[in-house]
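Me: I would like to learn how to read the features of a structure that is new to me. Could we begin with a single residue and then turn to a whole chain?

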Amino acid sequence: MDSESAHWIAALQDSGIGHDDAVGRLHEMLLRIARSELNRRRGSHGLAGPELDDLAYQAAADAVVSITAKLEDFRGESRFTTWAYKFAILEVSSKLGRHYWTRHPTTSLDAEDWERLPDRFGLRPEEYAGQRDLVCAIRDAVDGSLTVKQRAIFVALVVRGIPLDTLVAQTGSTRNAIYKMMFDARRKLRAALVAGGYLEEDG
Amino acid sequence: MTKPIPQQLRHFLQTDPDDVACDEAIRLLHVYAELVASDPGEAATRYPGVAAHLAACGPCGEDFDGLLAAITASEHDDS
Ligand SMILES: [Zn+2]
């Protein structure tokens, strides 16, 4: 482990005043990281001013709690700061996921707007006219090949464009579980489109 | 005759069997990000499954971009 990282670990494990000081410095550092991460993603969340600052503050505070609880997991495979930044960034993602509904309060939970599907896959309207068969084939495959759960995830993520982290917050599932379910769904849809002659086997 | 499939749809349908999924990619994200910052080629060689996942998973890819930006900015601050 590099000396700066070792210093962080020792200070955070300190039982005296050194601990409080290190926690304070950690929070300050992660607040800076959370703020710049929110700024980097500003195109996708529309937060600014005190609201942005509040979310950055919460993300930093929660990251500090996770880090101090998981110090023993740090094996020195990277600098301590890199490992710590990761917690702040994951907290930013998770909080933005939850924040989605306050930004889109009118989004109905059940609406299935299939008209949006071509757009989701980058089909411009003039192309869509010539690809109507393909869009119908995808919809048929979604209805015919996917399980009920896979279909629900597909509709939420692809048709409705709900961010994965929002779905995590809403369903209490994990990013990993939803990703894997979608991974299998993508394979099935691909196989259905190959079978229908819309896609080459290896294309 | 089949029409060409749009790139975005093709990308969506393409699954990489090496893809390690989110938990494993996030577990290694700090190690991988430092390696990418110093030697991107070596990172992809040593962790092909993480590279495959980050290319396919929007949220993990975004977290990786953020982490890489954070460590790159810190390096600039230090110098
Ligand atoms: Zn992922």
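**One residue, then one chain**

Reply: Leaving aside its neighbours within four places in sequence, A:Thr81 is in contact with A:Glu4, A:Trp8 and A:Met29. Please bear in mind that this is a predicted model.

Me: Where in chain A is the place of A:Thr81?

Reply: A:Thr81 lies in helix α5 of chain A, which covers residues 80-103.

Me: Is A:Thr81 buried or exposed?

Reply: A residue counts as buried when its relative accessible area is under 20%. A:Thr81 has a relative accessible area of 10%, and therefore it is buried.

Me: Turning to chain B, how many helices and strands does it have?

Reply: Chain B has five helices and zero strands. Along the sequence, its pattern reads α-α-α-α-α.

Me: How does one read the radius of gyration of chain B?

Reply: One sets the value beside that of a compact globule with 79 residues, which would be near 12 Å; chain B has 15 Å. The C-alpha trace of chain B spans about 60 × 20 × 20 Å along its principal axes.

Me: What share of the residues of chain B count as buried?

Reply: Of its 79 residues, 49% count as buried. Chain B exposes about 4000 Å², and carbon and sulfur atoms supply 53% of that area.

Me: What share of the contacts in chain B with a separation of 6 or more comes from residues 24 or more positions apart?

Reply: Such residues account for 64% of those contacts in chain B.

Me: How many positive and negative charges does chain B have?

Reply: Chain B has 4 positive and 14 negative charges, and their mean positions are 15 Å apart.

Definitions and conventions. Residues are numbered from 1 along each chain as its sequence is written. Chains are lettered from A and ligands numbered from 1 in the order in which they are written. This is a predicted model: local features need pLDDT of at least 70, side-chain atom pairs count only at pLDDT 80 or more; totals for chains, interfaces and linings use all residues. Side-chain values use heavy atoms; hydrogens and water are left out. Helices (H or I, at least four residues) and strands (E, at least two) are DSSP runs, numbered from the N terminus. The radius of gyration is taken over C-alpha atoms; the globule rule is 2.2 Å times the number of residues to the power 0.38. Buried means under 20% relative accessible area, exposed over 50%, partly exposed in between (1.4 Å probe, protein chains only). Contact means heavy atoms within 4.5 Å. Accessible areas come from the Shrake-Rupley method with a 1.4 Å probe; for residues, only the protein chains shown count as cover. Lys and Arg count as positive and Asp and Glu as negative; His and the chain ends are not counted. The place of a charge is taken as NZ of Lys, CZ of Arg, CG of Asp or CD of Glu.
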